[in-house]
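Subject: Structure for your files

Hello,

Here is the structure we talked about, with notes on what was found in it. Please read the notes with the model open.

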Amino acid sequence: MVDFRRDIPLAITFIIGVIAVLDYYTTIPIFINTFTVIKNWGVVLQAFALGLGAVNLLRVHGRRISERRDDWYFSAVLLAMMFIFIIVGLITGQYESGATYNWLYNAIYLPLGSTMYSSLAFYMAYGAYKVLRARTFEAALLFTTAVLVIIGNTPIFPAMFPGFFHIREWIFGPIVGGAYRGIRIGVGIGAVVLGIRTLIGLETGYLGRR
Amino acid sequence: MQRILQSLKSLVLSVLNGNSGGEIPMAILTEGRLVPLVAFILAWVATYLAIQMGTQGKIRIRRIPGLDSIEEVVGRAVEMGRPIFMIPGRGTFTDIYATQTIAGLSILSYVATLSARLGAKLYVPMSRVDVYPVAVELVTDAYKAEDKLEELDVDEQIPYLSGTQFAYASGVIGMAARMKPAGNIMMGPFWAESMMFAESFARAGAMQIGGTARMYQIPFFAAVCDYVLIGEELFAAGAYVSGDPQQVGSIAAQDWYKLAALVLGILGALLATAGVTVIGDLLRM
């Protein structure tokens with residue numbers, strides 16, 4: 001018996017997947033043109049989905065404000081900013097290159113984004129502190145390697161003792177490079193097999209319990 | 001050897017192009033993708049065979065502790081009366097990380113089912129607008145199947161935070177700090193936010209499982225999370241948790257293919273050392 005909620009998405013996945021594969025491997029115009037149209041549909045769908053995201057933000061945060069939940073004023077700031085950006089864009093008609101829009105972006109979002117990005121250094125330092133404790137043989141090996149790489153990355157030590165630079169290069173080359181490629185090959189093969197499972201309708205996790 | 005390969009390539013291409021050595025019409029195959037196509041077809045055949053063997057119960061795969069412990073994480077959340085987070089990454093359906101996104105969504109479906117069944121409050125903060133409706137559908141389906149739909153508040157539990165990386169990251173970090181979740185499962189493609197998430201949830205006291213095939217983020221998860229899925233394990237996750245013998249069987253195809261890549265790699269390295277570049281030439285066809 002045909003289960004439309006399951007079989008129709010699977011059929012769409014298979015047809016579009018096969019067209020994508022043929023677009024990649026062949027030069028037959030019909031497949032290339034069809035896939036270009038499908039990609040354009042994807043762009044249109046994403047634009048609609050963006051509207052869905054905005055509606056979700058409005059619903060979630062509007063409800064928080066109206067119910068005066070904890071930290072509701074953060075929701076108010078979020079919605080205010082969203083509307084300011086929308087209104088400025090609509091009034092000026094310049095969404096990406098307008099002076100007002102750019103000023104809003106550069107003065108508000110950019111510093112906040114940079115702050116978040118720079119805080120990564122502290123997260124990494126703290127993570128390294130937790131991991132680099134030579135309690136076992138493997139941990140000691142990791143610790144030693146990390147210290148050698150850090151020293152090799154600093155300007156002063158390789159300038160004084162060029163050997164540190166070569167040690168760092170050696171670690172990055174044969175050791176890290178080998179392991180990296182091994183994992184990459186596994187990732188590539190795993191992605192291909194998952195793609196095949198998805199195409200033939202065996203991987204249905206993304207469809208839910210259908 | 002070079003000539004043999006060239007002749008072989010010409011022969012295959014002329015057969016595919018439907019001419020017999022005369023003027024060459026427009027080529028059917030894209031230049032340099034003959035061997036990848038053959039490899040893809042072989043992967044398809046290998047997957048089919050592995051599925052058949054899986055159906056017959058001939059395939060056993062090793063345990064993956066990171067996936068086995070998902071139930072433990074959900075159970076822990078229930079016992080502690082605290083929420084659980086599932087983050088399917090920041091990939092979309094149209095980029096090169098789509099397979100990781102699909103793998104992450106498969107795990108989301110499993111986590112949502114467990115959360116609904118055991119009574120854990122699940123939060124799924126979202127970043128991508130095209131993945132968002134699918135995630136909502138998955139979680140809703142899972143709660144419906146467990147007859148617990150009234151326990152799900154979609155707007156609150158599956159919020160769309162932001163499509164921008166660090167705005168999204170700060171939103172998730174804020175949620176972790178306020179809610180003190182008991183568990184956090186991160187499966188999918190992650191970028192620089194991975195370390196922020198892992199550290200913030202660790203500080204909130206959450207038990208964590210991380211899984212990604214993004215090479216630069218794996219060390220961060222390995223450093224902070226309790227369990228890690230490294231690279232290809234993420235792609236096997238959906239099939240693994242399904243317990244379906246057909247899907248489990250298909251995982252074996254990955255190992256066969258990896259073995260073939262290993263043999264080709266070693267053989268190619270030895271031959272290249274001896275000055276014979278046949279393997280490299282073959283793979284470039």
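**What was found**

In this predicted model, the centres of domain 1 and domain 2 of chain A, taken over C-alpha atoms, are 34 Å apart. Domain 1 of chain A covers residues 1-93, and domain 2 of chain A covers 132-210. Between these two domains, contact involves seven residues of domain 1 of chain A and five residues of domain 2 of chain A. On the domain 1 side, the touching residues are three nonpolar, two polar and two charged.

Between the chains, 48 residues of chain A and 61 residues of chain B take part in the contact. The chain B side is made up of 37 nonpolar, 15 polar and nine charged residues.

Chain B also holds an open sheet of five strands with parallel pairing, in the order β2-β1-β3-β4-β5. Its edge strands, β2 (122-123) and β5 (227-230) of chain B, each pair on one side only. Strand β4 (residues 207-212) of chain B runs parallel to β5(B) and is joined to β5(B) by four bridges. Gly211(B) has Leu229(B) in β5(B) as its bridge partner.

Helix α5 (residues 98-118) of chain B lies across β1 (84-87), β2, β3 (183-187) and β4 of chain B, and runs at about 155° to β3(B).

Regards

Methods:
Residues numbered from 1 in each chain as written. Chains lettered and ligands numbered in written order. Predicted model: local features only at pLDDT ≥ 70, side-chain atom pairs only at ≥ 80, totals over all residues. Domains from an automatic or database assignment. Nonpolar A, V, L, I, M, F, W, Y, C, P; charged D, E, K, R; others polar. Pairing = 2+ DSSP bridges. Helix = DSSP H or I, 4+ residues; strand = E, 2+ residues; numbered from the N terminus. Axes fitted to C-alpha atoms, helices over the stretch in contact; angles between N-to-C directions.
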